[in-house]
Amino acid sequence: MTRSHLAGVLDVINADVLPGQASCSASSLLRATTSGGAFVAIGDRILGAAGVGRSRDGAAGVVRWLHGREEPGVVAGLLDHALTRLDGCDVVEAFTGGGVGAVAAGLPEVRSTTREALVTRGFAAMPAGRYLYRSMPLAPASLPGQPRIQVTARGGHRKLTVPGPVGGLLAEATVSVLAPEHGVLRWIEVDSGHRGAGLGTQLLNACLRYLHRLGVRHVTGLLDDHNLTADDGHGRIGAHMIFTRAGFVTGAQLATYTKVG
């Protein structure tokens with residue numbers, strides 16, 4: 001892939017953008033191509049593109065991203081070329097790194113052609129969580145009893161915390177602004193001894209209001225909820241409820257893929 005391919009490759013990548021997700025930019029694509037090999041499928045236009053990488057010892061490979069407008073022949077051709085370039089790897093993973101401009105690792109279930117091509121070639125799927133999004137043209141209304149929130153910057157992220165009355169943290173969350181008007185909630189957790197009292201809802205509301213002040217109008221996130229049959233101690237059932245009550249909807253179920261041998 002060369003710079004002359006950028007516009008066409010961006011078109012095929014952005015054809016797969018999920019609801020609420022920012023379009024991939026040229027700078028994001030260029031960063032992604034520096035971490036491994038990238039190649040395109042060309043007809044009378046750019047039909048698709050993919051990127052691969054290897055571990056230092058060459059034993060493990062990864063199909064970092066692959067886009068072909070879900071055209072079976074294009075997707076199959078790209079994947080076969082990727083596997084040829086990764087020949088000799090003991091293990092090959094796919095869609096484990098988040099892709100180009102994606103907010104989370106995983107292939108969306110709506111991309112059934114790509115999923116079928118992977119499974120046909122011996123890849124096994126592993127649930128990677130639920131992609132959520134919410135649009136907010138207006139700031140969410142403040143909630144009564146909002147706790148004191150501390151905000152600290154860490155790299156490109158902002159951490160919002162609820163301090164305890166005698167030290168420690170009662171709850172914490174991490175948010176980022178990915179692109180103009182687009183933000184992501186990367187992490188939210190409430191201390192196990194303080195769940196069930198509405199603290200998670202209040203912190204999530206504070207995150208949304210904070211992002212809105214930064215100009216964000218579309219918020220995305222990932223919920224690791226592929227097993228909600230019992231509370232595993234991480235509060236995933238409660239997290240699902242507070243996201244839903246805050247207006248988030250499911251954009252896709254995600255899965256990563258692994259091929260051994």
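Mentor: A nonpolar core is a set of buried Ala, Val, Leu, Ile, Met, Phe, Trp, Tyr and Cys residues joined through side-chain atoms within 4.5 Å. Buried means under 20% relative accessible area, exposed over 50%, and partly exposed in between (1.4 Å probe, protein chains only). This is a predicted model, where local features need pLDDT of at least 70 and side-chain atom pairs count only at pLDDT 80 or more, while totals for chains, interfaces and linings use all residues. Residues are numbered from 1 along each chain as its sequence is written, and side-chain values use heavy atoms, with hydrogens and water left out.

Trainee: How many residues has the largest nonpolar core, and which have the most contacts inside it?

Mentor: It has 26 residues. Leu-185, Ile-188, Leu-203, Leu-204, Phe-243 and Phe-248 have the most contacts inside it. Elements giving two or more residues include β8 (157-163), β10 (182-190) and α6 (236-245). Helix α5 gives the most, with seven. Helices (H or I, at least four residues) and strands (E, at least two) are DSSP runs, numbered from the N terminus. A second, separate core has 23 residues, among them Ala-41 and Val-74.

Trainee: Why is Phe-248 called buried?

Mentor: Its relative accessible area is 5%. The cut-off is under 20%, so Phe-248 qualifies. Phe-243, at 6%, counts as buried too.

Trainee: What makes the pair of Phe-243 and Phe-248 edge-to-face?

Mentor: Rings of Phe, Tyr and Trp (its six-membered ring) pair if their centres lie within 6.5 Å; planes under 30 degrees apart are stacked, over 60 edge-to-face, the rest tilted. Here the centres are 5.1 Å apart and the planes at 85 degrees, so the pair is edge-to-face. A search of the whole structure finds one aromatic pair.

Trainee: Why is Thr-174 called buried?

Mentor: Its value is 18%, under the 20% cut-off, so Thr-174 is buried. Thr-174 is found in strand β9 (residues 169-179). Leaving aside neighbours within four places in sequence, its contacts (heavy atoms within 4.5 Å) include His-157, Val-184 and Trp-187.

Trainee: Which residues of helix α1 (residues 6-14) are buried?

Mentor: Leu-6, Val-9, Leu-10, Val-12 and Ile-13.

Trainee: How do you know that they line one face of α1?

Mentor: Seen down the axis, they fall within an arc of 165 degrees, so they line one face. The arc is that of the directions from the helix axis to the C-beta atoms. These residues pack against α2 (26-33), β1 (37-42), β2 (46-54) and β3 (60-67).
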